[in-house]
Structures are given as C-alpha cells and as structure tokens.
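Please look over the structure shown here before reading the notes on selected parts of its fold.

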Amino acid sequence: MEEKTDYVLESRCCGARFSDGNWELECPNGDGAALIFASYGKKRLEVKEENPGLYRYADWLPICRMLEGSGAPVTYRSEGLGKALGLSNLYVTFNGYWPERGAEMRTGTFKECEAYSVCARERAGGEKVMVVASAGNTARAFARVCSENRIPLLICIPEDNLDYMWSVEPLADCVKMVATEKGSDYFDAIHLSNMVCEMEGFFPEGGAKNVARRDGMGTTVLSAVTTIGRIPDYYFQAVGSGTGAIAAWEANRRFIADGRFGNHLMKLMVSQNVPFTLMYDAWKAGSRALLPLDEEVARKQCEAISAKVLSNRKPPYSLKGGLFDALTATGGDMFAVENGEVKEAVQLFAETEGIDIEPAAGVAVASLRQALEEGKVEREAVVMLNVTGGGIGRLKAEHPVVYRKPDYVFRIGAGAEEVKGVIKELFG
C-alpha cells in the first residue's frame, strides 16, 4: 500500500537540505560527524487511525509505502507501578505483546517500530540485500518484517546472543543470518557487517544514521504525547546505542513546532546496565568523547550484563545531534543499574502491571526508582516510561516459537576474503 510522505533531509551540522534520493545516511557536504534528520512537510501531526499499526503516524515517518503486519506502541496511565513508586502521573509506553492493551508486536520489542519504518523507506537499487548488525532484538524484528514482506536481508549477530533469534513463524529464505563466534560482541557483528557492505549487491541498513530507524523509534513519543495530551516532563529508557533517546528528542522538537502539546523539552533520563557503562562513564565525566576502554575488558563487561541488548561499543554518543547533545539540550541525566536491581524491577513491573518485561526495560524501571530516591524527579511530574520490550513470556506461552540457527559462524578476526567467499555462497 503506497503512502508517500512529504519530507526532505537536513544536516544537523551545516543545515543543508537535500532530497532522500538513494538511501541517504549522511550529508552530501561530508558532515560525517553529524546526524541528518527528516524535515516533514506536515508540521502538525495527524494521527490516522484508519492506517494499519505503526503507519497511523505516517505524517512523521520517511516512508513511501505501508507494509503488512505492524503493531504500534501503546501508552496508558499506570496505576499499579505508579502507586508503588509514589508517582501520580506515570505513563507507560508499552512495546511488545499484550493483547488486552492493544499491543501486538509479535517480536515483543520496540525494534519493530524501526523495522517497519526502515523497510517502508524508499530506496533505489532494486533487489540489493539489506545488511543489519544487531545484538539481538533488532535482528529479530527485521527478520520478521523482511520475511513476511519478502525483502532480502542478511543479519550479523554475536553467537552468544542467538537466544534472541526466535520467531512465531519460520523465516522465509530471503532472510539469511551469520554470527561472530562465542566471546564476541555487538561491535564484532558491526565489523562483520561493514565488510559485507563493501561487496556489490549489499547495502547497510545504517543504524542510527538512518532517519527511518530513528523516526520509527520516535513513534513511542508520538503515542505518549497524543495519548497524554501534552509533552511529558521526563522520559525514561535504557540505552545500548542511545538511538531511541535521540529519536525521542527529535520527536519532542517536532511537537514543539506543532504547537498544540507544549513548548518544553522533556528531560531524557537514560540508563545502562553495570558493568558495561560506556556512555554513562563519559557523561558523568562531562566528556563528549567516549572514554578509552580496552577491547577485551569491554567484551567481558558485555558478557556480564543481564540486558545483553545494551552492549554497543560504538554508540552515536559523541557526534553532532547524538546522545551527548540530546542529554545536554534537555537537561537530562544517565543512570547505572546493577543486575540485581534489574531483576527486582522486572519482578515489580510484573506484580504491579500484570505483564512480563525484558531486562532492558527492567533497567529503565530501576533507573526511575533511582531517580526518585535521589530526588531528581518530582512526584507529581508527568513521566513517560518507555518499556522497550515486554510480553515475550506471554507470547511464548501462547505461541510455539521457532529458533533460527546461523547459516555460518565466523571466528573473531575473520578476513575480508573469507567473509566475501562465504557470503557469495550464501546468496549464490
């Protein structure tokens, strides 16, 4: 179904405006250290309830079509968790599977918001294969969308994270998956994907640089603001790359320009899982640059966290328009959460709200508790809690799932020739 959105792209650095001609990921003027963003023709958001799933927010998505099968974030005023935390205006934006709430994301994660937006973005190049590097949830979401819509896809994922690669239905042959060996992490998967993208016939999804990814994630804020009727005072989320928080900031700015929901920036309150606290450490040190971290130490830290999806060693933190700028602009803060706190938070949410949530969402809940204990959030403030994944336990209980094995496992340090040989054979 066609749904061509009116937008142009703009550089966060030089301000250049240009058309989205061929999957643009950077400013043509070479502002590689700055994110580009979409500037939409419609300054006032019209929620189109007649559109399926995510595409009710099509006005602020850089898309040319609507795909089948998408869900959308669901926002509701919390009674149970709000009461337990002593918050009178806590709003949960739930991403996952919770039919009674109208949440129908069949991968249980808000990464579906990215996938349904990215895969609906216009691009030239015919049948080239999209390449996605992931710590787990993104891969599962893209696998579902590409499988159901017959879009060629190659996933690169660490072997230690293969437990995330399940689906309700078997994946179509257009989806292939390769892994980096045990002991590797998300950064190794990214490195592998970069080598593949140098081959003819493949192109990078783009990660945080892809405006469709960010604006797809930003639909969590579109859901919250249009449900609440105003821009929240605080936004809580756990971060691996920080892309979701950047997207929240960008959506917030659009709502200010819209003019109907307030003129303030909500404070971004984001969190990481101890011991892997790369961005937290830099933020607390007042540093735009990430602090040095030994590669092997980083891998061990990533292995130790309970929220494995929060393990990006190369996040868009420092660049213009990245997380450092977003936190600075909004007067936000970062929190560090121990594994024990994550477990307690997951249990608290289940007890008070009646649905299971993922460890990464537990990190966000725990950080909200921390912020309240430290007096950083007023009890009467309007708080948005972005539950980035939930209902997976419920989903698996109701639907038998299929686990996807990798088509090939690469050793750490595999050379370009080996990679190219394997990939050519896979897609031959």
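**Briefing on sheet and helices**

A179 stands opposite V409 in strand 17, strands being DSSP runs of E with at least two residues and helices runs of H or I with at least four, numbered from the N terminus. This is a predicted model, in which local features need pLDDT of at least 70 and side-chain atom pairs count only at pLDDT 80 or more, while totals for chains, interfaces and linings use all residues. Residues are numbered from 1 along each chain as its sequence is written, and side-chain values use heavy atoms, with hydrogens and water left out.

**Sheet**
- Strand 10 (residues 175-180) and strand 17 pair in the parallel sense over 3 bridges, where pairing requires that DSSP finds at least two bridges between two strands.
- An open sheet is formed by 5 strands in the order 11-7-8-10-17, with parallel pairing, and its edge strands, strand 11 (202-204) and strand 17 (408-410), each pair on one side only.

**Helix 11 and helix 12**
- Helix 11 (residues 339-353) and helix 12 (residues 359-373) pack at an angle of about 95°, with their axes 8 Å apart; axes are lines fitted to C-alpha atoms, for helices over the stretch in contact (heavy atoms within 4.5 Å), and angles run from 0 to 180 degrees between N-to-C directions.
- Helix 11 and helix 12 are therefore roughly perpendicular to each other, a term that covers 65 to 115 degrees.

**Helix 7**
- Helix 7 is followed by G259, whose phi is positive, near 90°.

Terms used: Angles under 35 degrees count as roughly parallel, over 145 as roughly antiparallel, 65 to 115 as roughly perpendicular and the rest as oblique.
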